[in-house]
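Please keep the structure open while I talk.

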Amino acid sequence: MSPTDHDARVAAVAHQVRARVAAGEPVHIDKGGVHHVVPIPGDPRFRTGKIDTSALRHILHVDPDARRCVAEPGVSFRDLVRATLPLGLVPTVVPELEGITLGGAVAGCAVESMSFKYGGFFDSVDELELVTGTGEVLTLGPDREPALFNLVHGSYGTLGIVTRLGFRLVPALPFVKLTYLRFRDFDGFHAALRERCDAGDVDFIDGIVHAPDHFTLCLGEFVDAAPYLSSYRWLAVYYKSTRERARDYLTTEDYFFRYDTECHWLTRTVPGLEHPAVRFVAGKLVLGSTNLIRWSNRLAPLLRRIKRRPDVVVDLFIPDRRFADFYRWYAEEPRFYPLWVIPYRLPGFYPWIAGEHARRMQDTLLIDCAVYGMPNGEPERDWSAVFEQQTFACDGVKTLISRNHYTRERFFQIYDESNYAAAKRRLDPHALFHRGVFEKLHRVE
């Protein structure tokens, strides 16, 4: 892909931005395809004018010797893996849903089962090209305006438009061998999880709590060959296999996207959709994260009319030193299973985390407790708000792509207001990309 072609696409985006500034109109960024935010009835985020960035979906360069890739933000991780894996390389973090893009992974803080070793996807990024809210094109990096570079991460598109990323790759093999270790109690599971994270003797670590007495620690290793291969792309259901099997083998691509077919286990919220006969007939139309998100968006107006509260879909990042406290509460109160568990080691506390909250967190090994598809229809208790409160009580942080309930005061106890405001003044002085991250992510439903 010619650098000249890329520059022309960036110039077109910058032109759109300058035109919107002149018109005094707020905008949202339209990357094309589906958005991997939780569909919410009455969500106003996409009602403003748009900046069309859908052309920014090219891999610009892969350097196998330097183990580095340069690509545009609209490249999906599925397409990226298909380009780099034949070279024996993959990103340090591959989010589990095929349609998640590089830009989305930076804006929304993507992690997965290599995060115990490499951190989040952003921790592999060494360069960002950005169109600001004035139409200026900047190149940022750890040694080039690092304060701005580090604040783009986790800004959810409120500071500017990422137009190019440079990031690190790591060696990979064609197949993944999976070993599933079973535990009957939390203490044994947690001790083994921490031990394997500290040892670093495998390539992948995550866990699934199937029930109060059924914990599965999932350990993965790259391998050159496999005696057999399982597929969870159609009739078989991956998360169920982790309850039944002791070992499994997948292609590396199928391992990365092992949860995509079900969107973890959200298909079970649709009667019959986990049954092989139903999947055989209708699977191609409804299975897979992109199809499921599209169907969710179509149903969102209906949920709004009937005033039904959406199911809980949220990732809660709990410091490992408080994981036992959080899980004891979880086993007594929500008691919703499966619960996905992903260890995530921070390279250091990010500058968007408020200093006092970082001091409360202390531990740089976080445990992502992912709650997907929990019914939330109790009239007197909104579980989405309860999870948010309990995460703060356990010194954690939560993803902001779901429903958010913080007061402004509580929000900026967790997120650093002064650092964000300084970046906002420099990158988006006219508030073209929304007034701020708090205002964008807290909406009337």
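Predicted model: local features only at pLDDT ≥ 70, side-chain atom pairs only at ≥ 80, totals over all residues.

Let me begin with Phe 167, which, leaving out residues up to four places away in sequence, touches Arg 67, Arg 68, Cys 69, Ala 71, Leu 80, Leu 102, Phe 121, Ser 124, Val 125 and Asp 126, where contact means heavy atoms within 4.5 Å. Residues are numbered from 1 along each chain as its sequence is written, and side-chain values use heavy atoms, with hydrogens and water left out.

Phe 167 is one of the residues with the most contacts inside the largest nonpolar core, which has 86 residues, and Phe 77, Leu 102, Phe 121, Val 125, Leu 165 and Phe 256 are listed with it. By nonpolar core I mean a set of buried Ala, Val, Leu, Ile, Met, Phe, Trp, Tyr and Cys residues joined through side-chain atoms within 4.5 Å, and buried means under 20% relative accessible area, with exposed over 50% and partly exposed in between, computed with a 1.4 Å probe on protein chains only. The largest share of this core, 5 residues, comes from strand S8, residues 161–171; helices (H or I, at least four residues) and strands (E, at least two) are DSSP runs numbered from the N terminus. Apart from this core lies another, of 35 residues, including Ala 192, Cys 197, Leu 316 and Tyr 330. As background, nonpolar side chains in soluble globular proteins tend to be buried together.

The axes of H11 (residues 320–332) and H13 (residues 383–393) come within 10 Å and cross at roughly 150°, where axes are lines fitted to C-alpha atoms, for helices over the stretch in contact, and angles run from 0 to 180 degrees between N-to-C directions. H11 and H13 are therefore roughly antiparallel, on a scale where under 35 degrees is roughly parallel, over 145 roughly antiparallel, 65 to 115 roughly perpendicular and the rest oblique.

Now to some polar residues. Ser 113 sits in the loop between H3 and H4 and is buried, at 2% relative accessible area. Its side chain makes a polar contact of 2.8 Å with that of Glu 112 and another of 2.7 Å with that of Tyr 255; a polar contact is a pair of N or O atoms within 3.5 Å, and within protein one must be able to donate a hydrogen and the other to accept it, with residues adjacent in sequence counting only if both atoms are side-chain atoms. Thr 267, in the loop between H8 (252–256) and H9 (276–286), is likewise buried, at 0%, and its side chain joins that of Glu 262 through a polar contact of 2.5 Å.

Finally, which backbone values deserve a second look? Most residues other than glycine have a negative phi, and most peptide bonds are trans. Here, Cys 109 has a positive phi near 65°; it lies in the loop between H3 (102–108) and H4 (115–118), and counts as buried at 16%. Glu 145 has a positive phi of about 50°, lies in the loop between S7 (137–140) and H5 (146–152), and is partly exposed at 34%. The peptide bond from Tyr 337 to Pro 338 is cis, with omega near 0°, and Pro 338 is placed in the loop between H11 and S14 (339–345).
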